[in-house]
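Reader: I am new to this structure and would like to learn how its surface and its charged contacts can be read. Could you take me through them step by step?

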Amino acid sequence: MGEDGAVTSAPQRPDGPTPATRLIATDLDGTLLRDDKSVSQRTVAALAAAEEAGIAVFFVTGRPARWMGVVSDHVQGHGLAICANGAAVVDLHAIERHDTGRQTTGREFVHVRPLPRITALKVVEVLRAAAPGTSFAVELTTGINYEPQYPPFFQDPGANVAIAEELLHETSDGDSAPVLKVLAHHSELAPDEFLALARAAAGEYASITRSSPTSLLEISGPGVSKASTLALCCEERGISPAEVVAFGDMPNDVEMLGWAGTSYAMGNAHPDVIAAASGRTVANNEDGVALVIERILAERATRTEA
């Protein structure tokens, strides 16, 4: 126990010497970000130091690309982030060129793993029957559309409002852009109860998880998760799972934490996340990610000096 609180050491996975860390994969909300959605100066410094030491940092989040402004300045060389629970890899450093000749930093989809609309329609059908009262929203590469009953979490003035079956129809007046995920909300069921029910009823059709403290589920294409997309990104770079350190706090992080060679559940993490991770750090409001990065870099410096 130090001034930063307890951090358990992560056991080696698999057995044998632990390779040097080459990539850090971190969730955002409840993990890297504080509860006020800010990035602390300590965390900014730790991320920059990791990149300076040659360790790539990937933000791996359930957030859509349009909500990545809070961290876009902290993505270094590669500029990439994994969004929508693995449904999209986004270049946050992409340059938008305007008709006026002005250039601004934008967001470009590098790779999309969509939820087929016919599959999404089947999941909606099954969940309506299994959990009456469920309302839906459809997250596209172009934005979000939702049903009239869907809670106004974040009002989008450009959204189309209609029943999910209409929003998912290929010839809908809404949008035929790729579907990244479907969101399902229930006002009465408890979050974990709703997740278990949905997986039992529709898990054969799609990947179903959650990251919200409310009963809000996130439904992606079969096999699409933070873990599977991160694995693809690492494979492209010749990085093995054993060379990855991952951080998370909610059920949508479980697969990623199990895949990474070393993983940390935040001090504020869901019980399933704590069970999946190989170590535990302090809470997001106490800069738990930064604390571990600092220790990784300190240990690397010590080995270099030895």
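**Reading the surface and the salt bridges**

Author: Let us begin with one residue in this predicted model: Phe-153 is found in the loop that runs between strand S9 (143-146) and helix H4 (164-167).

Reader: How should I read the exposure of Phe-153: is it buried, partly exposed or exposed?

Author: The general idea is that a residue under 20% relative accessible area is called buried and one over 50% exposed, with partly exposed in between. Phe-153 has a relative accessible area of 35%, so it is partly exposed.

Reader: Turning to charged side chains, how many salt bridges does a search of the whole structure find?

Author: A salt bridge is counted where a side-chain nitrogen of Lys or Arg comes within 4 Å of a carboxyl oxygen of Asp or Glu. By that reading, the search of the whole structure gives 14 salt bridges. One of them joins the side chains of Asp-29 and Arg-63, with 2.7 Å from N to O. Asp-29 belongs to helix H1 (residues 28-32), whereas Arg-63 sits in the loop between strand S2 (56-60) and strand S3 (80-83), so this pair ties together parts that are 34 residues apart in sequence.

Reader: Are Asp-29 and Arg-63 buried or partly exposed?

Author: Asp-29, at 24% relative accessibility, counts as partly exposed, while Arg-63, at 12%, counts as buried.

Reader: What separates Glu-125 and Lys-122 within helix H3?

Author: Glu-125 and Lys-122 are three residues apart in helix H3 (residues 117-130), which means that about one helical turn separates them. They form a salt bridge whose closest N and O atoms are 3.8 Å apart. Glu-125 is partly exposed, with a relative accessible area of 48%, and Lys-122 is also partly exposed, at 30%.

Reader: Which parts does the salt bridge between Lys-181 and Glu-218 tie together?

Author: The side chains of Lys-181 and Glu-218 meet at 2.9 Å, N to O. Because Lys-181 lies in strand S10 (residues 179-185) and Glu-218 in strand S12 (residues 216-220), the pair ties together parts that are 37 residues apart in sequence. Both Lys-181 and Glu-218 are buried.

Methods
Residues are numbered from 1 along each chain as its sequence is written. This is a predicted model: local features need pLDDT of at least 70, side-chain atom pairs count only at pLDDT 80 or more; totals for chains, interfaces and linings use all residues. Side-chain values use heavy atoms; hydrogens and water are left out. Helices (H or I, at least four residues) and strands (E, at least two) are DSSP runs, numbered from the N terminus. Buried means under 20% relative accessible area, exposed over 50%, partly exposed in between (1.4 Å probe, protein chains only).
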